[in-house]
Amino acid sequence: VIGLCMTEGKEGIDHNLDGRWQKVQTIVDYAKSVGFPQQDLFIDPLVMPVGAVTEGPKLTLELIRRCNQAGIRTAIGASNVSFGLPARDIFNATFIAQAVEAGVSAVIIDTTNEVTRKIVAAAEVLIGRRKLDKHLKALYITSETKSKAKTESASTLRSLVYDGDQN
């Protein structure tokens, strides 16, 4: 179950750390009171678009850290951070790496985006959450090989177009 850090009614989303932390505590306390196991609870600290709420991503990362220190699991929708911006994949991947470092438990990501997959894997290795094994190395080697093959194919095609087939 995912608990959202917002209030009902017109108050909406709190834009300060202490206000959101109180919402986390309210959610966790309620879950405990009804016998819901804390290990099955994820808190969504609500990722705000940096274009609309400049301090939003920083606040989210601070709340992830606080939850992590308290043993509370977190889940985020990472692409919210880049809403309305160009180069969204770069903003998303950078934010995901920071969230991993902050201790996020789960991230909703675009798994078809190779940059994002690589950055998440690298961030997990750098903080010791994942080992640098043959599968992870293959992720990078495969993409480097593909990139080299694309460059070679483009060069061959360019040569055929400009020089013609010499056979």
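Tutor: A patch here is built from residues with over 30% relative accessible area and no salt bridge, joining like charges within 9 Å and nonpolar side chains (Val, Leu, Ile, Met, Phe, Trp, Tyr) within 5 Å. A salt bridge means a side-chain nitrogen of Lys or Arg within 4 Å of a carboxyl oxygen of Asp or Glu. This is a predicted model, where local features need pLDDT of at least 70 and side-chain atom pairs pLDDT 80 or more, while totals for chains, interfaces and linings use all residues. Residues are numbered from 1 along each chain as its sequence is written, and side-chain values use heavy atoms, with hydrogens and water left out.

So, the surface. Ile-2, Leu-4 and Met-6 make up a nonpolar patch there, together showing about 260 Å² of accessible area (Shrake-Rupley, 1.4 Å probe, with only the protein chains shown counting as cover for residues). Leu-4 belongs to strand E1, residues 2-4 (strands are DSSP E runs of at least two residues, helices H or I runs of at least four, numbered from the N terminus). Leu-4 counts as partly exposed because its relative accessibility is 39% (buried is under 20%, exposed over 50%, partly exposed in between). For scale, the whole protein has about 10600 Å² of accessible surface, 55% of it from carbon and sulfur atoms.

Zooming out a moment: there are five helices and four strands, running β-α-β-α-β-α-β-α-α along the sequence. Of the 167 residues, 33% are buried.

Now inward, to helix H3. This helix covers residues 88-102, 15 residues in all, and spans 21 Å from first C-alpha to last, close to the 21 Å expected at 1.5 Å a residue (1.5 Å times one less than the number of residues). Its buried residues are Asn-92, Ala-93, Phe-95, Ile-96, Ala-99, Val-100 and Ala-102. Their cover includes helix H2 (56-69), strand E3 (73-77), strand E4 (106-108) and helix H4 (114-126). Just past H3, Gly-103 has a positive phi of about 105 degrees.

One more buried spot is worth a look. Trp-21, in helix H1 (residues 17-33), counts as buried because its relative accessible area is 15%. Leaving out residues up to four places away in sequence, Trp-21 touches Leu-63, Arg-66, Cys-67, Ala-70 and Ile-72 (contact means heavy atoms within 4.5 Å). Trp-21 and Cys-67 sit 46 residues apart in sequence but 8.3 Å apart in space, C-alpha to C-alpha. Across the protein, 63% of the contacts with a separation of 6 or more join residues 24 or more positions apart.

Terms used
Buried means under 20% relative accessible area, exposed over 50%, partly exposed in between (1.4 Å probe, protein chains only).
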